[in-house]
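Visitor: Hi, I'm new to this one. Could you put it up and walk me through it?
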Amino acid sequence: MAARLIDGKAAAAALRARVGGLAAMFEAATGRRAGLATVLVGEDPASSVYIRSKRSATGEAGMESIHHALPADTSEAEVLALVETLNADPAIDGILVQLPLPSHIDAARVIDTIDPDKDVDGFHVVNAGRLAVGDPAALVPCTPLGCLHLLRAELGKLTGYHAVVIGRSNIVGKPMASLLLGESCTVTITHSHTRDLPEICRSADILVAAVGRPEMVKTDWIKPGATVIDVGINRVPGAEPGKTRLVGDVAFAEAAEVAGAITPVPGGVGPMTIAMLLRNTLVAAHRRAGLPQPEGL
Ligand SMILES: Nc1nc(=O)c2c([nH]1)NC[C@@H]1CN(c3ccc(C(=O)N[C@@H](CCC(=O)O)C(=O)O)cc3)C=[N+]21
């Protein structure tokens, strides 16, 4: 392997420690802890695991974690009513409604009911708009924010690099492209209808893969020395029957022969997503308390 390994787990631990220190200062200044409310509808096993790790990270960082577990048959109106209650609760700084929601609930409607200034996922249209116009009031989606953090740590200033984003979701691809544009990269967004995808990827100094297709990005898609960020979290059949393993959207071993630096899966972007959720919650708490945003977040 020629590429440097970008250690997202270590970067996430460092960020969480910094958030923890600042959360203690927030508590000293305000007499209360920053609070994150999580809402889970139904019992999807993957969602339950993610919520558990988000909640324990929140507690470890010295913030309050308030969880609402609702049965799978909860009506949309009931979820909306809960969100309204959390919006009005002064002890709640951040609201996270775990996705996906059951199909009888309109996720966009739920997200757009969240107070934009408590929308620590950054999924509300108001935050998408703020990000698109470069308004610093934006709460930015955690996964692309985590990717940007890793890229800055690896490359320093990103000005002038050609960044190719594979995937155009509202949660990762589009906000990732906005962030990279904000860093003065030249940005290409690609997707399932893009022609000559391997060739376009090969022109990338920065390649961000967020398509959800296991090991789609191959060696010959990568410019020698490029920085590769793998957002994919795909569960595929493992070596032993009945077992699964986690792979990214990048064929890691072969890509690492060519790339300059690359994130692994697991241990890359995933842990950064959770660290950024804590970061966003603390930022939201400072704004709501009328305190200046702490340095170094
Ligand atoms: N409202 C909402 N906000 C989210 O941010 C959100 C969501 N819904 N629904 C589900 C996805 C998924 N997601 C992950 C977070 C951390 C890891 C993570 O830490 N992954 C570890 C490994 C985890 C494992 O072993 O399964 C890693 O990559 O190293 C992965 C995925 C947040 N999501």
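Visitor: Why does the shell around the ligand lie between two domains?
Guide: This is a predicted model, and in it the shell lies between domain 1 (29-124) and domain 2 (142-270) because both of them give residues to it.

Visitor: Okay, and which residues are closest to the ligand?
Guide: Of the 16 residues that surround the ligand, the closest are Leu99, Pro266, Gly267, Gly270 and Thr273. The elements that give two or more residues to this shell are strand S4 (94-97) and H10, and H10 gives the most, with four residues.

Visitor: What kinds of residues make up that shell?
Guide: The shell around the ligand divides into 11 nonpolar residues, four polar ones and one charged one.

Visitor: Switching topic, which residues touch the most other members of the largest nonpolar core?
Guide: Those are Leu207, Val208, Ala255 and Ala259, in a core of 90 residues. Helix H10 (residues 269-288) gives the most to this core, with 11 residues, and since domain 1 (29-124) and domain 2 (142-270) both give residues to the core, it lies between them.

Visitor: What is Leu207 in contact with, leaving aside its neighbours within four places in sequence?
Guide: Leu207 is then in contact with Val164, Cys201, Ile222, Ala226 and Val228.

Key: Residues numbered from 1 in each chain as written. Predicted model: local features only at pLDDT ≥ 70, side-chain atom pairs only at ≥ 80, totals over all residues. Core = buried A, V, L, I, M, F, W, Y, C linked by C-beta atoms within 7 Å. Buried ≥ 20, exposed ≤ 12 C-beta atoms within 10 Å, placed from the backbone. Domains from an automatic or database assignment. Contact = placed C-beta atoms within 7 Å. Near = placed C-beta within 6 Å. Nonpolar A, V, L, I, M, F, W, Y, C, P; charged D, E, K, R; others polar.
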